[in-house]
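Open the model in your viewer and keep the selection tool at hand. This tour moves from stop to stop, saying what to select and what is there.

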Amino acid sequence: MTDEQKKLITATVPILKENGVLLTTHFYKRMFTHNPELKNIFNMGNQQSGKQQTALAMAVLAYAENIANPMVLLPVVDRIGHKHTSLDIRPEHYIIVGNHLIESIKEVLGDPATPAIIDAWGVAYQQLAELMSGHEAKLYEQQTSKTYGWTGWRPFILGKKEAESAEITSFYLYPGDGGKVTPHLPGQYLSIRTFLKSLNLKQARQYSISSAPNEDYYRISVKREKGVNLDTNGLISNYLHDAVNEGDVLDLTAPAGNFVLTENTTAPIVLISGGVGLTPLMSMLQSLIAKDHENPITWIHGCRNKSVHAFKDHLDYITTTKSNVKQHTFYNVITPEDKENGILEGYLDINTIPELPKDPDTNYFICGPSAFITRQYQDLQAKGIDKKLIFFEEFGPQVLQMN
Ligand SMILES: Cc1cc2nc3c(=O)[nH]c(=O)nc-3n(C[C@H](O)[C@H](O)[C@H](O)COP(=O)(O)OP(=O)(O)OC[C@H]3O[C@@H](n4cnc5c(N)ncnc54)[C@H](O)[C@@H]3O)c2cc1C
Ligand code: HEM
């Protein structure tokens with residue numbers, strides 16, 4: 001890429017900032033018209049909410065802003081790369097996306113998109129695609145080099161289905177080929193894919209693994225997503241609850257994601273979750289216990305009430321048998337019985353918890369809805385916690401930018 005082309009890209013940043021989401025919305029419409037088979041790869045629910053358009057627009061914008069030194073984007077590229085590999089995105093897909101992105105820039109910008117600007121964007125996209133698919137090639141390589149590792153979609157059989165609360169159900173998934181699974185890193189997720197008759201499409205979703213790492217199965221725990229209107233219930237979560245039974249086959253990709261416990265950490269750990277956001281933290285907690293983690297582990301959880309409090313008995317058992325594990329639970333509204341059992345009332349507020357570890361190396365992991373993550377992150381920062389020690393996972397395309 002020439003200096004002149006870099007200047008043209010930099011000059012496009014303000015226009016992209018103004019038209020970023022418009023551009024990517026147009027781009028997706030164009031791509032799904034010309035390449036409808038890609039609807040099987042993308043989450044058509046995210047398309048409706050506009051979250052995916054925002055995530056892509058922000059990634060393109062961040063790239064354009066850093067065109068002089070794209071390597072500063074590596075942490076973002078790593079996060080997207082994990083999501084892409086979890087969905088089996090390959091270099092050939094980048095060619096299709098590139099074609100529609102460049103054509104969309106032409107169509108949305110109109111006359112101001114001179115041939116020189118379009119050429120510069122063609123080169124810039126190529127550079128970004130090489131950076132991303134190069135990183136993804138390394139992630140695929142890492143997957144296959146792991147014991148029992150694999151890439152792409154692999155059939156799994158549902159071995160056990162178990163209710164964890166009024167709206168969260170666990171699914172124990174065993175390889176359909178009778179083989180072993182690669183142990184995940186606590187905090188990682190996998191993608192699950194199934195054919196939906198209602199859309200006449202395959203659809204994939206990510207689910208954090210809620211079990212401790214092992215070589216036999218993965219457990220995921222899924223919340224039934226109810227829409228405000230009856231016809232807007234979440235597609236896959238309800239399908240899993242209602243239509244998938246023990247013995248049924250689902251396609252899975254190997255564990256991915258970089259929201260993980262630091263390997264062999266001995267530091268105190270604080271795990272903060274809202275609602276179904278407890279799933280990756282359950283895996284972390286069980287893994288720490290299996291490794292006899294000696295330093296304090298603080299489990300802080302908030303949910304609406306007892307009926308939706310998943311894994312309650314298991315958590316009570318852990319905290320009564322392990323002296324270094326403490327739990328603090330908040331329900332939106334509490335009954336006198338909850339109060340007697342030490343449940344706190346209201347939205348999860350870490351400022352009301354006196355016993356947070358004092359060790360400056362303590363690691364904090366947050367998972368829950370976006371507003372929940374934002375509040376916990378801000379409260380931790382207000383307490384003077386270094387943001388390098390705060391990790392979070394959003395259950396959707398990441399739109400929060402805090403690190
Ligand atoms: C890394 C990661 C880990 C995750 N881990 C978990 C986990 O452990 N457990 C878990 O339960 N989930 C998890 N998720 C979320 C999961 O991937 C799905 O997003 C979730 O199950 C909803 O999928 P769905 O197909 O049921 O809903 P979708 O059909 O994708 O719909 C999404 C939401 O939009 C609503 N909706 C749909 N259409 C409309 C409309 N027209 N108007 C208004 N609202 C509408 C639905 O009710 C639903 O709440 C994770 C996500 C990520 C990215
Ligand atoms: C330079 C090119 C690309 C950029 C900048 C990009 C950017 C992104 C970003 C920012 C996310 C959200 C990540 C998150 O969850 O936090 C994402 C997710 C995703 N990307 Fe890409 N991407 C690119 C190429 C591709 C290609 C080639 C494909 C496949 C055709 C693809 C398919 C997906 C899918 C399926 C998701 C998951 C979200 C969903 O299903 O709606 N992307 N990408």
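Contact here means heavy atoms within 4.5 Å. This is a predicted model, in which local features need pLDDT of at least 70 and side-chain atom pairs count only at pLDDT 80 or more, while totals for chains, interfaces and linings use all residues. Residues are numbered from 1 along each chain as its sequence is written, chains are lettered from A and ligands numbered from 1 in the order in which they are written, and side-chain values use heavy atoms, with hydrogens and water left out.

**Stop 1: Gln203**

Select Gln203. Leave aside its neighbours within four places in sequence, and Gln203 is in contact with Lys39, Asn40, Phe42, Asn43, Met44, Ile192, Arg193, Thr194, Leu196 and Ile236. Gln203 sits in strand 4. Helices (H or I, at least four residues) and strands (E, at least two) are DSSP runs, numbered from the N terminus. Is Gln203 buried or exposed? Its relative accessible area is 0%, so Gln203 is buried. Buried means under 20% relative accessible area, exposed over 50%, and partly exposed in between (1.4 Å probe, protein chains only).

Now show the side chain of Gln203. One of its polar atoms lies 2.8 Å from the backbone oxygen of Phe42. The side chains of Gln203 and Arg205 are joined by a polar contact of 3.2 Å. A polar contact is a pair of N or O atoms within 3.5 Å; within protein, one must be able to donate a hydrogen and the other to accept it, and residues adjacent in sequence count only if both atoms are side-chain atoms.

**Stop 2: the cores**

A nonpolar core is a set of buried Ala, Val, Leu, Ile, Met, Phe, Trp, Tyr and Cys residues joined through side-chain atoms within 4.5 Å. Select Ile9, Leu16, Met31, Phe32, Phe42, Trp121 and Tyr125. Of the 40 residues in the largest nonpolar core, these touch the most other members. Helix 1 (3–34), helix 3 (51–65), helix 5 (91–109), helix 6 (115–145) and strand 4 (201–208) each give two or more residues to this core. Helix 6 provides the largest share, ten residues.

Zoom in on Leu16. Not counting residues up to four places away in sequence, Leu16 touches Leu23, Val60, Leu61, Ala64 and Trp121. Then look for a second, separate core of 21 residues, which includes Phe259, Ile297, Leu315 and Phe365.

**Stop 3: His26**

Select His26 in helix 1. His26 counts as partly exposed because its relative accessibility is 29%. Which side chain makes a polar contact with that of His26? It is the side chain of Glu107, at 2.7 Å.

**Stop 4: two positive phi angles**

Select Asp88, in the loop between helix 4 (74–86) and helix 5. Asp88 is not a glycine, yet has a positive phi of about 60°. Asp88 counts as buried because its relative accessibility is 19%. Next, select Asn264, in the loop between strand 6 (249–252) and strand 7 (269–274). Asn264 also is not a glycine, and has a positive phi of about 55°. Asn264 counts as exposed because its relative accessibility is 62%.

**Stop 5: the domains**

Colour domain 1 (3–145), domain 2 (154–252) and domain 3 (269–393), as given by the domain assignment. Such bounds come from an automatic or database domain assignment. The C-alpha centres of domain 2 and domain 3 lie 24 Å apart. Their contact takes 19 residues from domain 2 and 15 residues from domain 3.
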